[in-house]
Amino acid sequence: MDLYLPIANLSVNALVIVLLGGGVGLLSGMLGVGGGFLTTPLLIVYGIPPTVAAASAASQVTGASVSGVFAHWRRGGVDTKMGGVLVAGGIAGSIAGAQIFRLLQAIGQIDLVIGVVYVVMLGWIGWMMASESIRAIAVARGHLKPRPRKRRHHPLVAALPLRTRFYKSGLYISPLAPLLLGFGVGILTILLGVGGGFVLVPACVYLLGMATQTVVGTSLFQTLFVTAVATMVHATTTKAVDIVLAALLLLGSVAGAQVGARFASRIKPEYLRLGLAIVVLLIGARVLLGLVWRPEAIFTVELA
Amino acid sequence: MIRPALLLLFAPLLLGQAKPVLVPDVSQREVQIAYSFTGAELLLFGAILYPGGRPPPGEEPAEIVVVVKGPTQSILVREKEKVAGIWVNAERLRYRSAPSFYAIASSRPIRTLVDERSRAIYELGLDSLQLSPASAATSDVEERFERGLVELRERSGLYYEAPGAVEVTGGVLYRARVTVPARVPVGRFTAETFLIRHGRVLAAAVRDIDVRKSGFERFVARAADRSAVLYGLTAVALSVLFGWVAGVIARRI
């Protein structure tokens, strides 16, 4: 079933896009991430212009995070104070990100930067998660003794001034730390069209030392608002948000996310984390290959 | 499909002239892009009006070449180069007016029909496009970029040559089919028809074709451009609604 995308200016097979959204949604529901880091590269491989892909994937992540935020909210798993600080940083970051995006586009290196950032981020996070989850599996099977878990924030975070209490997260730290973290994730959201959950969750745990029961809910809270802002930024600056493409992706991904969430409750979390780590590393390897392999098209055309 | 009435209309014209005249037409003066648009097939047809109503006996038959061009664009072409193991954009060249779409249909390969000079004048053939680079570059760099651009657009079906796509019936009627892929930009397309004999262009005629978005597609494209804030808010509202409804449904099941 062919459908014409009015902003991307090409016709796609609607069923393929819905299934793509569904597959990403399934993974995101299972693993608790937005899935933007999968959608954008997959859309580019399908032939959608990179800017349109990044801009439209952001709105898909918004949709995928809504039901998650509600679910965590009912359970009291959202720290709104922490979330608010992260969102404030995220909004500033996405506005700064838009400037960086434009600058890189002008000098023609946006695709390179997107690729390199993907490889570095995915490789690093994938590696961290893989080693952590393998250790957890070994502990669960009794091969290894559990390491005493010390929930503490990074010394650099402790050194920042203006400390305040975040009751739900069980923290007494400076709001500057989550503000900066939110800022960085905001830049990533604009550049890569990702929600940033795959960066934010480990950062909240390992850098801030947040209580684990509020990490995912608060991260989703931040993702919801920052991707919404990112969609607005794209709509007003690059004008590359394709609402038809977004609707197709949403249709698949919100359904897939619900199925995935049910699936997830039957699997042990450390195996899920290992699964996510493998997916993340594979995507990173694929992007790396795209950077070093001789590209199919040496020449590229853009409107000037 | 030319009616006798039309012939009568052109009869006074024919009397004074020794040169043949082309009467071209297009199956569609307007191509509407709607939700199901996957490209269009244009039928370009017409008649060659010779003085006397028929091809002069004893002469070899004239050939027809049809060129369909999309609106010109100002583009920037970049060339990737391997730097420290990674492919990065290195050199670039700007073109002021490159056609967004170019298809040439002829009854025989264009290189056997017209000499190089006429090909360059009338832009007949993919190697004779007048791309007019805006930035200065040496001729071999220009040539490399031009070949790269043409190859890239050939691959996506935006530029192509179709030798043998023109059919001439009885020496006076011709028809050609040209397919326009879905990824063309909107705007004014031109269909040029050339009558060629002995390597020279005897007659030429142009018809315009408007390609534009219609209905919902036109509405969306216009909304995204003119009321960006409202459009962005709609996109956000849509995604929140989708996510929320899915969550509600999932809890009921």
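UniProt positions are given here in the numbering of the model, and such annotations may be inferred rather than shown by experiment. On that basis, the unreviewed UniProt entry lists residues 228-250 of chain B as "transmembrane region". In the structure, which is a predicted model, this stretch of chain B is 100% helix and 0% strand, with its end C-alpha atoms 33 Å apart.

The annotated stretch can be compared with helix α6 of chain B, which covers residues 228-252. The 25 residues of α6(B) should span 36 Å at 1.5 Å a residue, and the distance of 36 Å between its end C-alpha atoms agrees with this. The buried residues of α6(B) are Y231(B), G232(B), A235(B), V236(B), S239(B), F242(B), G243(B) and A246(B). Because an α-helix has 3.6 residues a turn, residues three or four places apart point the same way. Burial is assigned here where 20 or more other C-beta atoms lie within 10 Å of the C-beta atom of a residue.

Chain A contains eleven helices and five strands. Its radius of gyration is 19 Å, close to the 19 Å given by the globule rule for 304 residues, so chain A is as compact as a globular protein of that length. The C-alpha trace of chain A spans about 55 × 45 × 40 Å along its principal axes. Of its 304 residues, 53% count as buried. Among the contacts in chain A between residues at least 6 apart in sequence, 80% join residues at least 24 apart.

Helix α1 of chain A comprises 18 residues, 14-31. From first to last C-alpha, α1(A) reaches 26 Å, close to the 26 Å expected at 1.5 Å a residue. This helix is mostly covered, with 13 of its 18 residues buried.

Both chains contribute to an open sheet of three strands, in the order β5(A)-β5(B)-β6(B), with antiparallel pairing. Strands of a sheet pair through backbone hydrogen bonds, either parallel or antiparallel. Within chain B, strand β5 (residues 72-83) is joined to β6(B) by ten bridges, and the two strands run antiparallel. In this pairing, T72(B) stands opposite P99(B) of β6(B).

Note on methods:
Residues numbered from 1 in each chain as written. Chains lettered and ligands numbered in written order. Predicted model: local features only at pLDDT ≥ 70, side-chain atom pairs only at ≥ 80, totals over all residues. Pairing = 2+ DSSP bridges. Helix = DSSP H or I, 4+ residues; strand = E, 2+ residues; numbered from the N terminus. Expected span 1.5 Å × (residues − 1). Buried ≥ 20, exposed ≤ 12 C-beta atoms within 10 Å, placed from the backbone. Rg over C-alpha atoms; globule rule 2.2 N^0.38 Å. Contact = placed C-beta atoms within 7 Å.
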